[in-house]
Amino acid sequence: MKLTGNLIIGAHDVPATEGTMKALNPATNTLIEPDFALGGAAQVHQAATLADEAFDSYSHTSLAVRAAFLDSIADNLEAVREALAARAALETGLPQAQLEGEATRAATQFRQFAEVVRKGRFLQLAIDPAQPDRQPRPRMDHRLQKMAIGPVAIFGASNFPIAYSVAGGDTASALAAGATVILKAHNAHPGASEIQARAIQKAVQDHGLHEGVFSMVRGIGNTIGEALVDHPLVKAVTFTGSEQGGMALYRRAQLRPDPIPVFTEMTSINPTFILPAALAERGVQIGDGFIERMLVNVGQACLRPALLIAIKGAGLEALRDAMVKRVAEASARTMLTPGIHASYLKGLAAMENAGARRVAEGSAASADFDGQSALLEVDGQRFLSEAVLSQEVFGPSALLVTVEDEAQLLAVARSLEGQLSAALHLEENDLPLARRLLPVLERRTGRIVVNAFAHPQEVTYATVHGGPFPATSDSRFTSVGMTSIERFLRPVAYQGFPDALLPEALRDFNPLKLPRLVDGQ
Ligand code: NAP
């Protein structure tokens, strides 16, 4: 597939206005053709203006038309699956076979959201009929439906270059909600971004939708991201990346004359607790599984388990030995970007300076941006006294915390910041401790997994990929799963409307046959 390197603004290919960049192959530290255009605030304005012009028609498309459009994006992604994965592999160092799986997941997400749209439950339709005879005063007819919030700016993530990027879950859920999208491509994979953007652009054209339904911009430095968050026509933002970047954008959005929601997914170490009976019975198996999940994506996954807490006692040595062996066997692999690689080394050094001991490491790096795996260990008391030990180190490393007793295990759990997930490994005899731990974890995580790990992620109606700060900036929402659509919806009530003026979904005879709450039933 030939890449143009242009920005994609509606139906237009827009050449560079702020210079060009090339993609980096992080495995070889060499630049890859072609040149990719960089834009600035003027291109953001062009894309936002188009997204605003497209909004009224797109947000009012019938559910059938919108669902068919989402299915077409899935078809188009599947049609370029191999080319997309091959380009993404060059730009990220991730294995092509894994990226083909990611492309399939991205396509599946669009199909799943097409079903969400067809079912229409997301509209949360409610009708409270008029009560003309009610005393002391009559009640008017009230009807509610959810509608899209407006044009949305989406920051593509670096670490899953397809399923969390241009054609990722944020884009799928925003388009399903009826929002128009301006995508800020991540510079770590510009070619893969263009291939995905073309798949979406083609579906927009094939379905005769307004060209402003989707645009993709790219720039260097903060200018383009800031212009997106500041633009008065943008009404919500999603972001996956660093806490520093996410919070800079979040704060910026709150300083606008009209503050807007910014849904950031930022940092999580996904603590895993092994309770005593499980440790004694299955320590080796759990240690093996933990390291296997930790190494996924060279440790560059949001759900990577990075913290393991175990009480000193039977099974601890076997657990440690299993983890040490597994880490020592791991080969160093290419990390996504020079910046992520440098942050990983810095994070490991900070942990060691804070008193964590390196008890195992994988084979040494043989290329510039190879991430060498590492297992660190620290005791519970030290962990509790050094805040840096509970910070995310994005890469293939984990910290084993050995605690003295149940009280210290609970203290460690209480010391943690907000997380995307936590895992509990337990046997029948561990249930009393698990019951004490559960409320502590419920307050701190969006998802709790028993006798398994949060990885791999399923995309379902019950999926929660969210959690209290700093896992996200808004713990009320999930960024993965069918309910992630709720980030892009707001309620509108219609009061005293004649039937002919009501949105179709709210008309008396329920022409769309959608589920509706009528008078609370
Ligand atoms: P990032 O530096 O936060 O950047 C993400 C995106 O936001 C990029 O497109 C970036 O644009 C933009 N951006 C960041 N700060 C901005 C600001 N102040 N103003 C405007 N735009 C801004 O994330 P990254 O490049 O993906 O990786 C860096 C670190 O983020 C990693 O080392 C890791 O610690 C963390 N991370 C965590 C997760 C997770 O799931 N937990 C996922 C990915 C990354 P530019 O590239 O143009 O600057």
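The structure is a predicted model, and the secondary structure of the protein chain comes to 14 helices and 22 strands. With a radius of gyration of 25 Å, close to the 24 Å that the globule rule gives for 521 residues, the protein chain is as compact as a globular protein of that length. Taken along the principal axes, the box filled by its C-alpha atoms is roughly 75 × 65 × 40 Å.

**Helices α3 and α6**

- Helix α3, covering residues 81-92, packs against helix α6, covering residues 190-206, at an angle of about 160°, and their axes lie 8 Å apart.
- Angles over 145 degrees count as roughly antiparallel, and α3 and α6 are therefore roughly antiparallel to each other.
- The crossing in which α3 passes α6 is left-handed.
- On the α3 side the contact is made by A83, L84, R87, A88 and E91, which meet P190, G191, A192, I195 and Q196 on the α6 side.
- Sorted by class, the residues in this contact of α3 with α6 comprise 6 nonpolar, 2 polar and 2 charged.

**Helices α2 and α5**

- Helix α2 (residues 63-79) and helix α5 (residues 169-177) cross at roughly 160°, and their axes come within 9 Å.
- That angle makes α2 roughly antiparallel to α5.
- In this pair α2 passes α5 in a right-handed crossing.
- The α2 residues R66, F69, L70 and I73 meet A172, L175, A176 and A177 of α5.
- The contact of α2 with α5 divides by class into 7 nonpolar residues, no polar residues and 1 charged residue.

**A sheet of 4 strands**

- Four strands in the order β21-β6-β5-β22 make up an open sheet, in which the pairing is mixed.
- The edges are taken by β21 (489-495) and β22 (517-518), each of which has a single partner strand, so one side of each is left without a neighbour in the sheet.
- In general, strands of a sheet pair through backbone hydrogen bonds, in either a parallel or an antiparallel manner.
- Strand β5, residues 126-128, runs parallel to β22, and 2 bridges join these strands.
- For A126, the bridge partner in β22 is L517.

How values were computed: Residues numbered from 1 in each chain as written. Predicted model: local features only at pLDDT ≥ 70, side-chain atom pairs only at ≥ 80, totals over all residues. Heavy atoms only, no water. Axes fitted to C-alpha atoms, helices over the stretch in contact; angles between N-to-C directions. Parallel < 35°, antiparallel > 145°, perpendicular 65-115°, else oblique. Left-handed = near helix turned anticlockwise from the far one by under 90°. Contact = heavy atoms within 4.5 Å. Nonpolar A, V, L, I, M, F, W, Y, C, P; charged D, E, K, R; others polar. Pairing = 2+ DSSP bridges. Rg over C-alpha atoms; globule rule 2.2 N^0.38 Å.
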